[in-house]
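Work through the exercises below with the model open. Try each task before reading its solution.

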Amino acid sequence: MTARACIFGDTDCGRQTARHLLDAGVDVLLVSRRNPAAAAQPAALPADRAGFELLPGGRLGACRGAAGAFTLSLESGGRTVIRTADAVVVAESEERLALHPAYGLHPSPRVVSLSAFSPAMLSPAAEPAEGPQVVFLNGLAGESHPCIAAETLHAALRLRNEHGIKAAILTGNLKVAADGLEALSREARAAGVLIFKFAAARPEIRTEADGKIGLNFIDEVTGDSCRMTPQWLVVDEQIVPSAAARDLARLLSIETDAGGFVQGDNVHRLPVATNRRGIVAAGASRSIGADPAAEAANAVLEVLSALDPAPGDRAAIDPGRCIRCLTCLRVCPHYAVVLETRPVVAPAACERCGICAAECPRGAIRIPGLAAEELPAERASAPASGKNGAPRLTAFCCSRSAGIAARAAGALDRAGLSIVEVPCAGSLSAEMLLAPFARGEEGVLVMTCHADNCHSREGRGFAARRTEQAAGFLRQCGAGAERVKLVALAANMGREFAESVAEFRRTLLTLRGT
Amino acid sequence: MTDQRVLIIGGGIGGLTTALALARRRIQVDLVEQAAAVGGHAVRLSCKATGSCVKCGACLADQTVAAAAAHPGIRLFTACRAAEIRYASGRYHYLLAQAPQHDRPARTIPGEAGAVVLASGFQPFDPSGKPYGYGRYPDVVTNLDLEGMLREAGGVRRPSNGAAPERAAFIQCVGSRDASLGHLWCSGFCCAAALRAARLLKHRRPELAITLFYIDIQTFGRDFESVYAQARAEIRFVRAIPADAFQTEEGRLRLSWVETSAQGSVEEEFDLVVLSAGMTPRPEIAALAGSLGLSPPTAGFLTANRSPGEGAFVVGTARGPMGIADTIADARRTAWDIIRFFEGRG
Ligand SMILES: Cc1cc2nc3c(=O)[nH]c(=O)nc-3n(C[C@H](O)[C@H](O)[C@H](O)COP(=O)(O)OP(=O)(O)OC[C@H]3O[C@@H](n4cnc5c(N)ncnc54)[C@H](O)[C@@H]3O)c2cc1C
Ligand code: SF4
Ligand code: SF4
Ligand code: SF4
Ligand code: SF4
């Protein structure tokens, strides 16, 4: 059966993604918020292609299931349509928020927002104004963005070059960190566009009795006070995720960042992944100013990898042991546990973090290769002996962070040290942390990624809790809670890995004396 | 498609990410890296987490190196260069020349590929020619030197005497946004790198006073407003670029700058100066592009990302300044372009 991807967003990025997926032999359902009458020019859509379906005026009502078998309940024109899909792409547009209120301004024919402004709307000035006739505000009510800076610079330059109109830009930080913008800002200045920058102070903006705008400020370069009374004031805008993108994030249980953009603020999701395998965030719904073609290409690769056959080593629930407490459903950060008549793991969605297995009260979840005795371990070669011999200890390492750091830890003294890698530190149960002590070892390190860097969001948090539990147990039996310790390390902290081990060894040696 | 092979020149995050994306779609990759190890500039960067991750992306490079090294579809040739690349009837015929390595003598490896990716990266601006005394005054260092200290030594000391600095200055835009050099670009990464590094130093030693000289602070990350607000509470921002640096008899560094012309020139002493050196094109980029039939660089970088109709592609900072996240997205995009090219779709 042909796989199908459902794309939300009748955007340039969404349409390009659709076309490439069709080329790759994947069926596509494109959910467009536009109603049929207002739909994009048919030419823009791959409408003539077999395997393509357009749902105009559509939106997501609910989503069930996981990668490889999503069931989408879609609303379109007052009816509910049910479709299945193997993967989902969120490729909605962004929205622009006019910043008038932030400047204490009200929209009027002379106080317009950046995207509403066009040089064509300027009737030749009735009374020739002194100073600039058009003033642009940029990044003075919140930090701007290169997209906005580019539009502002282009507009001011066009006014100057094509209409002979004097323009000024009053700006906070001028955001030139994009292709060609530094050169453009120089071109604008050279053409006579005035650019005034503000560090901490802000211009005073007043709407005067005759409806005219007055701007008063100190030029921070010369220290002179300035006054401008332009005919038009152009107010910058903030780029925010569309309401549709936010709704999708909520309905699909995918992370968002502080600004509401889909995908979440976690470097492991880059470029277009989300916390759920099989759900991809692309284009303006995940970031500002992304190139639609590049985003579409990234989205296609991500969808294709989610459609690859799931490896055989994913979590599986033993129905004989499961008591349907639904703990696994609650804790899975990747929403890979789905509820049929009983909870089951969708292999295509499982990231093999092991959090469910460690949390299941019945030990009902098995993950091939992740049982304590199967873990790939670099065992200590020379068991230490004697009163001052190196203590034997185990370092459990998240394979994404500390495990990589361990391999790069040049100065590491490996005497007595066993290194055990796990896909995520969240897979470590308190029993696993205590097992080395039963073998006569003296200490256990739990080495995770930094907070906010966990691929499985909460893996580090689970590891911290279990370390506490193990420490509590050791305290109770008088062995010393210090014998188990949590350390956060990034993959590039090889030196810190070696230092943490050395320091822990010293702790263990002191504990011997007590 | 299984017999397709791609040659990648340059093993930074751009080249490695392209290699992995291709290999995962079952395309064979030969990757040549001139240095003794892969990873490029990003594996020289330190983790800037202050209690929690600050999303600099540096650790992704170390993860990518580990993944690429473990992938059976990728052959990594380090200390190696493409001695010869010939394009004939739709194929690139190449000869790789590998310098002797500890476990084997020098060798040459012939090969053939349907596409070539130029991922040779950038060259950090060398500030020796700027009047900040870099190379002469030991306590004037670059941002990359600072990263090296954090990564290799675990902390920042004044190179002159090993003491902890009390007053540090960061100077932004060194070698970028500089018309006198003809560098009409913003390097994009260095505001982020400086703010993150400065906040880390401050987090470790709150008594360290930091001044950051800048033209404009560029937006970065997904939480810029709040990061910037916190940085402003911890660091003194001065919107001016010092003209020069002098070392005093006590071995301190005197910077002078003009904030407003009304106020005139101001002077202060610091004991560590970090130059935020930007990105410049690699010197041999034009020659490499020429040998692959790519259009010549504009403003130093290769802005076009492929040769029309042929199989030569460009990835990452060889195309212009970009950070790690954008380099990764660019690399995967190129991998997909190559797959389509092999399928005869463009
Ligand atoms: C001080 C500093 C701090 C930074 N901080 C951050 C940060 O916090 N966040 C962020 O996102 N980015 C940061 N960056 C930017 C980041 O380093 C780059 O985005 C990234 O390294 C670009 O990767 P690349 O693969 O394009 O190039 P490079 O890293 O330059 O890799 C290119 C590789 O190609 C090899 N090569 C070149 N020519 C040849 C040839 N002819 N044959 C064979 N091999 C060749 C080189 O040896 C090198 O290994 C920082 C950069 C610096 C200098
Ligand atoms: S946590 Fe264990 S017992 Fe509870 S529902 Fe899941 S598999 Fe069943
Ligand atoms: S292993 Fe992780 S991703 Fe897989 S089902 Fe369990 S909790 Fe979810
Ligand atoms: S992204 Fe940067 S700050 Fe975060 S863990 Fe990785 S290296 Fe550290
Ligand atoms: S990122 Fe900042 S320091 Fe770097 S060139 Fe741009 S403005 Fe200057």
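**Exercise 1: the fold of chain B**

Among contacts in chain B (heavy atoms within 4.5 Å) between residues at least 6 apart in sequence, 62% join residues at least 24 apart. The model is predicted: local features need pLDDT of at least 70, side-chain atom pairs count only at pLDDT 80 or more, and totals for chains, interfaces and linings use all residues. Residues are numbered from 1 along each chain as its sequence is written, chains are lettered from A and ligands numbered from 1 in the order in which they are written, and side-chain values use heavy atoms, with hydrogens and water left out.

Task: find how many helices and strands chain B has, and why chain B counts as compact.

Solution. 
- Step 1. Count the DSSP runs, with helices as H or I of at least four residues and strands as E of at least two, numbered from the N terminus. Chain B has seven helices and 18 strands.
- Step 2. Take the radius of gyration over C-alpha atoms and compare it with the globule rule, 2.2 Å times the number of residues to the power 0.38. Chain B has 22 Å, close to the 20 Å that the rule gives for 346 residues, so chain B is as compact as a globular protein of that length.
- Step 3. Box the C-alpha atoms along the principal axes: roughly 65 × 40 × 40 Å for chain B.
- Step 4. Check burial, where buried means under 20% relative accessible area, exposed over 50% and partly exposed in between (1.4 Å probe, protein chains only). Buried residues are 56% of the 346 in chain B.

**Exercise 2: two ligand shells**

Solution. 

**Exercise 3: aromatic pairs**

Task: classify the ring pair of A:Phe117 and A:Phe136.

Solution. 
- Step 1. Pair rings of Phe, Tyr and Trp (its six-membered ring) with centres within 6.5 Å; planes under 30 degrees apart are stacked, over 60 edge-to-face, the rest tilted. This gives 13 aromatic pairs over all chains.
- Step 2. A:Phe117 and A:Phe136 have centres 5.6 Å apart and planes at 85 degrees, so the pair is edge-to-face.
- Step 3. A:Phe117 sits in the loop between β9 (111-113) and β10 (134-138) of chain A, and A:Phe136 in strand β10, 19 residues apart. Both A:Phe117 and A:Phe136 are buried.

**Exercise 4: a buried threonine**

Task: decide whether B:Thr18 is buried or exposed.

Solution. 
- Step 1. Locate B:Thr18 in helix α1 (residues 13-24) of chain B.
- Step 2. The relative accessible area of B:Thr18 is 0%, so B:Thr18 is buried.
- Step 3. Leaving aside neighbours within four places in sequence, B:Thr18 contacts B:Ile8, B:Val117, B:Val315, B:Ala331 and B:Ala335.
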